[in-house]
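Look at the model shown here before reading on.

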Amino acid sequence: MPPLFLNGIKVSQYRQKFRPAGGGFHMLGLEYFSFAALFSPLFLAFMLLVTAAYFVVIGPLSEKFADAEPVSIGKKIMFVSGMFFLYLAQGGPVSLLGHIMFTFHMTSMALSYLVATPLIMLGIP
């Protein structure tokens with residue numbers, strides 16, 4: 001049987017080169033990905049823009065709505081927490097790892113649907 005190659009390196013040499021100190025074979029870490037791939041700065045900017053719009057609408061622009069009441073600090077915290085979890089699931093390292101491992105994909109979906117969405121909905125006045 002011919003030797004297996006990965007990126008021009010024999011797999012046996014590859015395992016020796018990237019073997020952790022304690023021994024064993026491990027998956028490549030996140031250090032091989034760029035900052036933009038890990039944290040999606042464009043998506044982060046969008047999320048911050050939506051969060052800023054939320055605070056403008058519930059703050060200075062709330063006078064334009066009939067029967068507008070002040071929004072409680074609890075609702076504000078829920079909305080911001082929901083936006084954070086949505087960014088973590090869809091724009092952070094969990095999203096990148098979701099393209100590599102199914103476990104992280106399902107973690108991303110669970111955060112998006114079961115954590116972020118209810119928090120955002122509860123944070124809407």
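Buried means under 20% relative accessible area, exposed over 50%, and partly exposed in between (1.4 Å probe, protein chains only). Buried residues make up 21% of the 125 residues in the chain. This is a predicted model, in which local features need pLDDT of at least 70, side-chain atom pairs count only at pLDDT 80 or more, and totals for chains, interfaces and linings use all residues. Residues are numbered from 1 along each chain as its sequence is written, and side-chain values use heavy atoms, leaving out hydrogens and water.

The chain has six helices and two strands, in the order β-β-α-α-α-α-α-α from the N terminus. Helices (H or I, at least four residues) and strands (E, at least two) are DSSP runs, numbered from the N terminus.

Helix α3 covers residues 41-58. The expected span of a helix is 1.5 Å times one less than its number of residues.

Which residues of α3 are buried? They are Met47, Thr51, Tyr54 and Ile58. These cover an arc of only 50° around the axis, which puts them on the same side of α3; the arc is that of the directions from the helix axis to the C-beta atoms. An α-helix has 3.6 residues a turn, so residues three or four places apart point the same way. On the other side of α3, Leu42, Leu48 and Leu49 are exposed. The buried residues of α3 pack against α4 (73-90) and α6 (102-123), where contact means heavy atoms within 4.5 Å.
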